[in-house]
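Please view the model alongside the text.

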Amino acid sequence: MGRGERSGPNMLFLASVPILVFLLLPSLIIIPMALTRSQLIQFPPAGISLHSFADYLSDPQWVHSTVLSFQVSVFAVVLGCLAGSAAAIGLHGRRFRGKGMVTGALLVPIIIPLVVLALGEYLLFAHLHMVGSWVAIGLVHSVLVTPYVFISVQTSLTAGLNPALIRSARSLGAHWPNVLRHVYWPAIRPGILSGAVLGFAVSFDEVVVAFFLQGPGMVTLPVRMFTAIQFELTPKIAASASLFILLATLSLIAQGLLASRRGAR
Amino acid sequence: MDASVELNVPPPRTSGRRVEVHHVWKAYSPGTYVVRDVTFELQPGEFLTLLGPSGSGKTSTLMMVAGFEQPTEGTIRVNSKDVVDLPPERRNFGVVFQGYALFPHMSALENVEFSLRMRRVPGAQRRRRAMGMLDRVGLAAFAARRPRDLSGGQQQRVALARALVFEPDALLLDEPLGALDRRLREQLQTEIKEIQRRVGVSVLFVTHDQDEAMTMSDRIAVMRDGEIVQIGSPSEVYLHPGTAFVASFLGETNLLPVRLESIDNGQAVVRFHGDVLGRARLPHGAIRPAPGEIGLVSLRPERIRFLDTTQSAEQVADGMLTGHTFLGRHGRSVIQSLGQALAVSTTDAPPPFDGTVGASVRLGWNFDDAQLLVGGSVAEAYRKDRTSARE
């Protein structure tokens with residue numbers, strides 16, 4: 001942070017700008033495309049209008065898909081947070097044979113090809129007659145969310161929890177629920193929050209699983225966009241995509257606030 | 001000056017409870033014991049120290065008393081009640097850990113209140129008791145501070161207050177001063193001792209620092225390889241060590257191999273190297289060596305005197321000066337005598353000889369200052385030289 005590093009032309013900064021533009025432009029271009037006056041999605045946009053947002057918000061199918069996506073993601077994040085933090089706490093400070101395998105198994109959902117997972121889950125839920133149920137999609141998404149929560153909670157445990165605190169709380173008369181509340185919870189809270197934000201992002205725009213497990217009236221927003229782009233080419237797609245950009249920006253800001261609050265401590 | 005505060009505080013119990021550790025063994029894996037047959041009794045109000053090098057089993061013993069480890073065998077009783085099956089949260093010990101382990105997100109007051117909260121003591125009473133205890137350790141003005149805003153010494157006192165506020169059966173301290181620099185250590189040693197005296201709680205203290213043990217304890221249990229090798233008051237253990245290990249772990253000593261000739265008038269008649277005859281104290285305790293047995297005599301450097309031609313002593317030995325170091329408060333000389341190098345520590349300055357290496361000197365000491373040790377093999381005592389025993 002020395003002042004000397006800032007003065008003068010910063011070559012690194014100059015070199016970063018075109019790369020940043022290249023990375024962000026395709027996403028940001030969606031916004032002017034959503035503002036088109038035309039009934040077709042096109043670039044460059046023809047004139048400026050908010051009609052595609054109005055169309056998007058007044059189309060019951062699109063609204064339903066949006067609500068459904070939130071529903072699925074919140075469900076998946078809650079389950080994933082429970083499972084991920086429980087796993088991280090359970091494995092914390094414990095040594096046993098096969099611990100590496102347990103950790104590996106928890107991280108499999110990140111590594112395994114989504115198509116394979118989706119196909120397997122499809123067969124499973126078809127057997128259970130649950131294809132086309134939002135619960136099924138939410139359950140599979142929670143499997144995808146869990147490793148993210150697990151990793152971030154594990155990180156905050158190893159970085160922020162002194163194992164002697166657990167012993168000290170117990171010696172002072174704290175039973176398990178109180179140890180969880182007074183020792184684990186303050187230490188893992190930032191980990192759960194950042195894991196949840198990340199997990200929400202993963203679940204909200206997940207297409208493959210949601211596509212396999214969709215049913216009549218059970219189409220999540222990204223799947224509807226995917227379908228629409230093949231048949232309709234409506235600017236509603238761009239309007240809803242703007243929603244994704246908004247959510248991503250909000251979650252980035254949230255992450256930044258969390259990090260700065262942690263840094264301030 | 002703080003009489004009003006004192007009056008609000010319930011009077012302290014004048015003593016802790018009796019804690020008995022009875023034939024306790026601990027093995028983390030089958031057959032390899034880290035604690036072997038440890039037995040001791042912590043008397044109400046007593047300050048007992050488990051002293052030993054790392055790996056001697058002292059912390060494992062403490063952790064079993066606290067309830068964090070299960071003994072493989074043996075019982076631990078508090079006021080005659082077996083507590084082995086109770087988890088730590090259902091025992092009633094105040095534990096202070098190395099590094100204190102204060103809750104970082106709670107203020108000093110909240111830290112001290114924690115145990116009372118866990119015991120569902122109503123809010124107002126809880127706050128009053130915690131404030132009273134903070135006041136006792138001199139931190140009433142710092143009640144609202146978080147641990148990170150307190151100095152090392154203040155954190156230590158919060159940890160003590162937190163461990164004392166619920167009137168524990170005993171205070172268990174696991175090397176609480178280990179991480180501090182020497183000056184602060186010495187200051188806190190006196191503070192802990194003072195707080196303990198005021199509150200009147202029994203203390204089980206774990207350390208590897210012999211000076212700390214000597215300063216603070218009513219009794220010291222010297223541990224080695226999982227066993228208590230000797231237990232007694234600091235002066236007993238220092239002046240009458242039972243084994244070569246104890247003699248060399250607590251302070252510095254000279255160990256001289258001897259053969260026991262006979263026992264006469266309560267003293268051992270021993271033959272030193274070079275057929276020099278002498279006398280020594282008989283070993284502490286029940287061990288009665290037999291004539292002909294090989295043993296060691298422990299002779300503290302500060303108990304050996306230099307004699308001039310007119311002086312005499314109960315025991316006299318001739319030797320040759322091979323080195324002398326001036327250390328300020330005292331001088332340390334090395335004398336070749338009785339077939340080995342003897343350390344001699346003197347407070348006389350200048351030393352009563354001209355200081356030339358190679359000069360002939362005469363040493364003297366009292367029979368009572370020579371402590372006969374038997375049981376451990378002589379060879380073993382030599383392998384365990386002073387430096388390795390003190391770590």
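This is a predicted model: local features need pLDDT of at least 70, side-chain atom pairs count only at pLDDT 80 or more; totals for chains, interfaces and linings use all residues.

Chain A contains 13 helices and zero strands. Read from the N terminus on, its elements accordingly follow the pattern α-α-α-α-α-α-α-α-α-α-α-α-α. Along the principal axes, the C-alpha atoms of chain A fill a box of roughly 70 × 65 × 30 Å.

Chain A has 265 residues, of which 37% count as buried. When contacts in chain A between residues at least 6 apart in sequence are considered, 74% of them join residues at least 24 apart.

## Helix α2 of chain A

Helix α2 of chain A covers residues 11–28, a stretch of 18 residues. From its first C-alpha to its last, this helix reaches 25 Å, which is close to the 26 Å expected at 1.5 Å a residue. A kink of about 30° is located at A:Phe22 in α2(A), shortly before the proline A:Pro26.

How many of the 18 residues of α2(A) are buried? The count is zero, and α2(A) is hardly covered.

## The loop residue A:His92

A:His92 is placed in the loop between α5 (60–91) and α6 (99–111) of chain A.

A:His92 and A:Gln154 are 62 residues apart along the chain, and their C-alpha atoms are separated by 7.5 Å.

## The four-stranded sheet of chain B

In chain B, four strands form an open sheet in the order β2-β1-β4-β5, and the pairing is antiparallel.

Strand β4 (residues 73–78) of chain B runs antiparallel to β5(B), and two bridges join them. Within β5(B), B:Asp82 stands opposite B:Arg77. Helix α2 (residues 58–66) of chain B lies across β1 (19–29), β2 and β4 of chain B, and its direction makes an angle of about 115° with β1(B).

## The five-stranded sheet of chain B

Another open sheet of chain B is formed by five strands in the order β15-β19-β16-β17-β18, with antiparallel pairing. Its edge strands, β15 (305–307) and β18 (340–346) of chain B, each pair on one side only. On average, and with direction ignored, neighbouring strands of this sheet are turned by 50° against each other.

Strand β17 of chain B, residues 331–337, pairs with β18(B) in the antiparallel sense over seven bridges. B:Gln336 is found opposite B:Ala341, a residue of β18(B).

## Contact between the chains

Between the chains, 16 residues of chain B are in contact with 14 residues of chain A. On the side of chain B that touches chain A, the elements giving two or more residues are β6 (93–96) and α3 (108–118) of chain B. Which element gives the most to this side of chain B? The answer is α3(B), with three residues.

By class, the side of chain B that touches chain A comprises ten nonpolar, three polar and three charged residues.

How values were computed: Residues are numbered from 1 along each chain as its sequence is written. Chains are lettered from A and ligands numbered from 1 in the order in which they are written. Two residues are in contact if their C-beta atoms, placed from the backbone, lie within 7 Å. Ala, Val, Leu, Ile, Met, Phe, Trp, Tyr, Cys and Pro count as nonpolar, Asp, Glu, Lys and Arg as charged, and the others, Gly among them, as polar. A residue is buried if 20 or more other C-beta atoms lie within 10 Å of its own, exposed if 12 or fewer, and partly exposed in between; C-beta atoms are placed from the backbone. Two strands pair if DSSP finds at least two bridges between them. Axes are lines fitted to C-alpha atoms, for helices over the stretch in contact, and angles run from 0 to 180 degrees between N-to-C directions. The expected span of a helix is 1.5 Å times one less than its number of residues. The bend at a residue is the angle between axes fitted to the seven residues ending there and the seven starting there.
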